[in-house]
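Morning, everyone. I have one structure to walk through today. Let me put it on the screen.

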Amino acid sequence: MAKPFQVDVVSPEATIWSGEATFVVARTPDGEIGILADHEPLLAALVTSAVEVEGTDGSRTIIGVHGGFLQVLKNQVTLLTDRAQITRGTKEQAAELAATLAAEDS
Amino acid sequence: MLATQKITRAMELIAASRIPKANARVTASKPYTAKLIEVIQNLGAGGAGSSHILLERRDPQTVGVVVVSSDRGLAGAYASTIIRMAEQRIIDLRREGKQIRIFAVGKKAQAYFRYRGYRIERVFLGVTDTPGYGDARALGDAVMGTFASGQIDAVETFFTRFQSAASQKAISFELLPIEQPAAGEGTSAVSYAYEPAPDEILDRLLPRYVEAILFNMLLEASASEHSARRRAMKAATDNADDLIRTLTVSANRARQAEITTEISEIVGGAEALASAR
């Protein structure tokens, strides 16, 4: 089994997701990145999109995020975002939802 | 009196029920701010430039003043305490020959400063009861926009810090220009990979940082407001209790006095009739 690492998805209102994961996919302005354990230290901006987290129990969580930042440091992945919401649907639906949330705010 | 007491008691209970929720939101917002500060520190330690407009320290000619009050009254001295603190600072700044722009949060601050003829830049209403992140963003946009365009050279904020349900404190701090959080003990100079470039990340981070601080501030002020209202309404209810007690005694005494007078009049009248016969 892949080596696990800590993931926290945090918004100003609440901690959206926190736990151990084996794989994270997120989208930065430069493109999509996948993160496994022992990833090099990274600071990245996020675009409004869907983030995918694979938990150690094999679960897959899709979270729509409205911009934000991603930090990887010593096997700790932190995603900071204005607004985030866990969705059941596909990644496309999650990204759409995040975009709607963003539109509501402005 | 009883009816008034019922109202004040209801308001007391409503306010009391909202304190834990407001307090929980304050707590829930802290991890985000803490992480954001951590990232900024790491960026600074990693050598990101500090040329952002929000970090620019100018000789202040015009100062923006953000005052967080309430929309509604019946919260004791909650609004007037923070407003008076802000006004004192405004008077001092003016004495130094500086211009003032006021950003009023809550009807109370708006009414106070408008009545006294201050120039109000922006007003934010319907925010203080349950502030959302969108409210913090609107306030942040207004303040940062005015700062970035050079219309104001510094921003000071006034709000009520929620220390506990029993204690809240009116405080002020300088929001802009941003005092870049210094690299603390825990931050070692990590060499990050950046996506995009560090300066670009900082560009995006700093506005979020200001918003997070404002959001935190609005939440604390809201918790303080509910606590102040609960306390004021409890005092009013207790006072109504005392009033009801004294008034009941006086009413009974007055009624008794009237009866006594009537009896003595009747007895006096009867005696006069008897002796006349």
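Start with a pair of helices in chain B. α1(B) and α5(B) are roughly antiparallel to each other, because the angle between them is over 145 degrees. The value itself is about 160 degrees. Their axes lie 7 Å apart. For orientation, α1 of chain B covers residues 2-45, and α5 of chain B covers residues 198-276. The crossing of α1(B) past α5(B) is left-handed. What does the contact of α1(B) with α5(B) consist of, by residue class? We count 26 nonpolar residues, 11 polar and 9 charged.

A word on confidence before we move on. This is a predicted model. Its ipTM is 0.80 and its pTM is 0.84. For chain B, mean pLDDT is 87. In that chain, 95% of residues reach 70 or more.

Now the place where the chains meet. Chain A puts 22 residues in contact with 24 residues of chain B. Which strands of chain A supply at least two residues each to that side? They are β2, residues 15-28, then β4, β7, and β8, residues 76-80. β4(A) gives the most, with 4 residues. By class, the side of chain A that touches chain B has 12 nonpolar residues, 5 polar and 5 charged.

So let's look at β4(A). This strand runs over residues 42-45 of chain A. Find Ala44(A) on the screen: opposite it stands Glu195(B), in β6(B).

β4(A) also has a partner within chain A. That is β7(A), residues 69-73. Here the two strands run antiparallel, joined by 4 bridges. Ala45(A) stands opposite Phe69(A) of β7(A).

One more point to keep in mind when you look at the strands. In a regular strand, side chains alternate between the two faces of the sheet.

To recap: α1(B) and α5(B) pack with axes 7 Å apart, and β4(A) leads the chain A side of the contact with chain B, giving 4 residues. That's all from me.

Technical notes: Residues are numbered from 1 along each chain as its sequence is written. Chains are lettered from A and ligands numbered from 1 in the order in which they are written. This is a predicted model: local features need pLDDT of at least 70, side-chain atom pairs count only at pLDDT 80 or more; totals for chains, interfaces and linings use all residues. Axes are lines fitted to C-alpha atoms, for helices over the stretch in contact, and angles run from 0 to 180 degrees between N-to-C directions. Angles under 35 degrees count as roughly parallel, over 145 as roughly antiparallel, 65 to 115 as roughly perpendicular and the rest as oblique. A crossing is left-handed if the near helix is turned anticlockwise from the far one by less than a right angle, and right-handed if clockwise. Ala, Val, Leu, Ile, Met, Phe, Trp, Tyr, Cys and Pro count as nonpolar, Asp, Glu, Lys and Arg as charged, and the others, Gly among them, as polar. pLDDT is the predictor's confidence in each residue, from 0 to 100. Two strands pair if DSSP finds at least two bridges between them. Two residues are in contact if their C-beta atoms, placed from the backbone, lie within 7 Å.
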